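Student: I've got a model open and would like to talk through a few spots. Can we go one question at a time?

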Amino acid sequence: MKTIDEIIQQQQILTSSQHVIISLIQQLDKEETTLETLAHQIGNDPALSARLLKLANSSFFGMSSKVASIQSAILVLGMSTVKKLAISISLSQQAKDQKDLMHFWKDNLMIAYCAEWLAEKTGCQKEISFVAGLLHDVGTLVLFTEFPDQFVSLVHEECHGPGILAKEQSFFGFDHTELGSQLALNWHFPEPIIQAIKSHHVGEAATIGPVAGVVFCAEELVGYYTCPTAAETFSPIDQLPGDLIRFLGLDQEKMANWKNQLEVISHQVDAILME
Ligand SMILES: [Fe+2]
Ligand SMILES: [Fe+2]
């Protein structure tokens with residue numbers, strides 16, 4: 001069985017083909033990227049550019065005229081949307097290559113958009129929350145690709161409960177939050193993203209920052225949304241940890257349309273995964 005250091009050294013999930021994405025994420029907490037730099041960075045990856053333009057021209061965005069270049073996609077959709085689409089498309093490519101991972105990426109894309117929505121409600125950094133939501137379980141993805149058979153049987157009944165960390169610890173000697181946060185540290189990702197990957201199973205306001213807090217809530221909301229019988233009676237303000245709700249400044253009014261919002265998000269994610 002490989003150690004955590006061996007896995008990190010050999011890790012190719014983001015490092016080989018996704019330089020563009022790594023540098024986009026690294027720059028999220030730096031000063032504003034210019035339109036030209038962003039267009040240039042994305043343009044360096046022809047496959048990514050092609051998929052992005054296809055998505056920008058899809059019925060989902062309902063453009064009246066054709067978007068023919070990354071520059072015009074940025075002008076029409078905005079820098080932030082193009083950045084998020086580039087990151088989403090590039091990372092979820094795996095879902096197309098490996099059908100087993102479709103569910104993983106669909107869930108994580110939904111968590112990303114939901115974290116961004118919650119970030120807007122709570123005054124937290126939106127782009128950082130989006131990426132933190134998308135990558136919070138990157139450690140799980142790595143465990144799955146490194147140890148497919150063991151991992152599937154290990155998490156068979158319990159995917160997200162607190163018990164999963166203890167199971168991983170006893171089986172691998174480390175868990176997915178530890179592995180994921182070390183990888184994010186190696187990739188020089190912004191600190192709040194590393195923190196969210198590390199503490200997304202801890203729903204305690206005192207020990208986590210706002211980005212990890214919105215990722216925690218987003219994961220819960222998506223979990224309930226995707227289970228219609230549970231969603232019927234779920235009330236986020238009453239059932240999410242009270243001190244976390246207060247820490248983030250969420251209330252009944254802000255959360256009133258959570259199901260409608262997740263419905264919109266679900267269509268958006270389908271559009272991304274279909275392109
Ligand atoms: Fe998760
Ligand atoms: Fe997790």
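Student: Does Ala256 count as buried or exposed?
Tutor: Quick note before that: this is a predicted model, where local features need pLDDT of at least 70, side-chain atom pairs count only at pLDDT 80 or more, and totals for chains, interfaces and linings use all residues. Residues are numbered from 1 along each chain as its sequence is written, with chains lettered from A and ligands numbered from 1 in the order written. A residue is buried if 20 or more other C-beta atoms (placed from the backbone) lie within 10 Å of its own, exposed if 12 or fewer, and partly exposed in between. Ala256 has 12 C-beta neighbours inside 10 Å, so it counts as exposed.

Student: Which residues of helix 3 are buried, and where do they sit around the axis?
Tutor: Helices here are DSSP runs (H or I, at least four residues), numbered from the N terminus. In helix 3, residues 35-43, the buried ones are Leu38, Ala39, Gln41 and Ile42. Their arc, taken from the directions from the helix axis to the C-beta atoms, is only 160 degrees, so they lie on the same side of helix 3.

Student: At what angle do the axes of helix 3 and helix 6 cross?
Tutor: Axes are lines fitted to C-alpha atoms, for helices over the stretch in contact (C-beta atoms placed from the backbone, within 7 Å), and angles run from 0 to 180 degrees between N-to-C directions. The axes of helix 3 and helix 6 come within 11 Å, and they cross at roughly 20 degrees.

How values were computed:
Helix = DSSP H or I, 4+ residues; strand = E, 2+ residues; numbered from the N terminus.
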